[in-house]
Amino acid sequence: MNKAYFEILRAGVNTTIQDKGRNHLYHIGIAVSGAIDQRNYILSNRLVGNNLDEAVIEFAYQGPLLKLKNGKINLSVTGDVVFKIIRKNSNIENGICYKSYILEDEDQIDLISTKNTAYGYLSISGGFELEKTWNSYSINTKANVGPNNGKKYSLKDKIFIKDYDLQKVKETKMNYREIPDNTIRVIKGTNFDYFSTEALNNFFDKEFSVTKLADRMGIRLSGPMLENIVNTNIKSEGLVRGTIQVPADGNPIIMLSDHGTIGGYPKIGVVVSADLDRVGQLTPGSILNFKEVSLEEAQNIFKAYTEDTDKYLNENN
Amino acid sequence: MVKNISNLGDTAVYCDFGSEVNETINESVIDYFHHISKLIKDKKIEGIINLTPSYNKLIVSFDLTVTNYKKIKNFIESLSINKNIKNNNQKVKIPVCCDDEYGLDFSRLIEKLNIDKDKILELYFGKEYFCYMTGFIAGMPFLGDLNESIRCDRLETPRLKMPKGSVGITEQFANIYTFESPGGWNIIGNTPKKIFDDKNLDQPALVNPGDKVSFYQITKEEYLNWNE
C-alpha cells in the first residue's frame, strides 16, 4: 500500500512542524524554536495517544486545508480554532477543539482560522514521517533547519504520515478551558536600572497593546514610551525566550521561540516561564499589563502551571 | 573570571565578566564556555540546555523542570577553569569580492571616514581578526578589532534585506550575514563561501568563538565561479 500523507490544498499563513524545540545551539546562533504554546502542543499529542514529544503541525491565524490520501487517521486540534471536517461524500462537520476525530481516506480538514489565540495545533495518531535535525522536528525558518528544508509549507506540498495501527484508537475529549488573563508576570531584567522611575512605573502600571509586528521571533508592543536614562544600546549579549528588550524608540519587544540568539537592546524584564505560552498566543490588538514577581515566586508559579497541565494530561488515563 | 552572577528570568544564569570588550575578557568567557560544554557532554551536570557566550557575558540556560537557578549558580561558582586548555581554535580564511555591486556602502564609508576605497580595503584585509561570538542569526561571526581608521556607525536606516554572504563592518567589529536578513552594518563586499552549513551536523558554523579569521580579496570572476 502507498504511504499515507496530507496533501496541502491551502497552505495557510505560517504552517510549520513543531515539537519541544532544539537545544544546545544558541552559541552558533540557532534559537530553540519549538511550538510557541508548549502546553497546547503537549495536549494535542495526548488527545491522540502519542508520546508527548511527537511532531505536530502548528499554524497561525489562517490554517491549512489538508486532504488525507492513502490512509485513515485519528487527529485532534488544540488552541482556539474554527475548523471543519469535509467528508469524502461532501458532508461537513463543524470541528470542536480538544476532541479527537477519525479522518478517512480522501476526507479533508479545513483549519479555517484561529480566534482568540494566534496559534493552533494539529496532531495525528502516530505522528508524521519526518527526520529530526539536531534532535528536533521543529522547522526553523530563520536558519532553514528542520523538515521541508526549514521552510514553511506551501500549496501542493505533502506531509507524510507514519504507519499506525488504528485498532488502538479510541475517541477522546478533554475539558480544557483557558481562563482569560491579560496580566503577564515578569522578573526584573538585567538592565532594569537603565530606565527612568517614570518608565518603570509606566511599565508596571500602564497597559500595552500587541502590534501587528508579531511572529514566531517575537512580538512588538506599543504603549507609554519607556524612557532610557543610561544607554539605548548595550554590548550584544545572549537572549532567552521571554526576554523583554526596549530599543531606542521606547517600545518593548518580547522574544519568542525563533528569536535572534543575541541582541543589543537593554533588557527591562523577562516573562516568567509559566506565562510564555500565554504571551505567545496574544493576537495583534490584545491589551496586556505586566506584574513584577520575584524569582522564587516565578518558580512556584511554574510548578503550579506544570501541575495544572498534568491535571489535563491525566484526565484521560 | 566571572565578576557577578545573577538570574535572567527563571531559566537562565547571567554571568558577567565585565563591561569592556577586549580579547582577554572574551577569552575568559570562551574558556568557561568550553569547560561547561565538556561537562555537559560528559553528563557531569544536568539540566543545562544552552550556552551563549558573547563579548563579556555568558548566559547559561537551563530546563526548569530538571534544575533551578540556585543549583546552576552554585555549579558555576564551584568551577575551577583551567586556562591552559587548548580550545582547538582554528584559523579560517575567507574570500571576499569587493566590487561595487557587492560592496553596497563604500560611498557612505568614503564620506564618513574621509579615506578612499583602496585605503579601506588595505586596512581591512591587512589584519587578522578574533571571533568574539557567533550568533544573532545562525553562524554569524562577530569579529574584531578593526583598524581605528575604518570604524563607522551603523546605517541610520537598517536594510530590510541584507544579501546572504554580505560582509559588514560597524564600530570595531566585522561580521558576515550567513542568511538574507534585516541588518544595519556597512557592507564592503560579499563572500561566496559557505559560512553556515546545516548539513554539517557536527560543525555547522565555519567560524566559532575564539577562532582567528583573515579575509582575502577575490575578483568577480572568481566569485561567480566559486565552487566548494
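**View 1. The two domains of chain A.** The domain assignment, with bounds taken from an automatic or database domain assignment, divides chain A into domain 1 (5–168) and domain 2 (183–314). The model is predicted: local features need pLDDT of at least 70 and side-chain atom pairs count only at pLDDT 80 or more, while totals for chains, interfaces and linings use all residues. Residues are numbered from 1 along each chain as its sequence is written, and chains are lettered from A and ligands numbered from 1 in the order in which they are written. The C-alpha centres of domain 1 and domain 2 of chain A are 28 Å apart. Their contact involves 19 residues of domain 1 and 17 residues of domain 2 of chain A; two residues are in contact if their C-beta atoms, placed from the backbone, lie within 7 Å. On the side of domain 1 of chain A that touches domain 2 of chain A, helix α1 (residues 38–47) of chain A gives the most, with 5 residues. Helices (H or I, at least four residues) and strands (E, at least two) are DSSP runs, numbered from the N terminus.

**View 2. An open sheet in chain A.** Six strands are arranged in the order β7-β6-β9-β4-β1-β11 (chain A), with antiparallel pairing; two strands pair if DSSP finds at least two bridges between them. At the edges are β7 (92–94) and β11 (158–160) of chain A, each pairing on one side only. Strands β1 (residues 5–10) and β4 (residues 65–69) of chain A are joined in the antiparallel sense over 5 bridges. Within this pair, A:Arg10 has A:Leu65 of β4(A) as its bridge partner.

View 3. Between β1(B) and β2(B) the antiparallel pairing runs over 4 bridges, and B:Asn7 stands opposite B:Val13 in β2(B).

**View 4. The contact between chain B and chain A.** In this contact, 39 residues of chain B meet 31 residues of chain A. On the side of chain B that touches chain A, at least two residues each come from β1 (4–7), β2 (12–16), β3 (48–53), β4 (57–62) and β6 (129–134) of chain B. Strand β3(B) gives the most to this side, with 5 residues.
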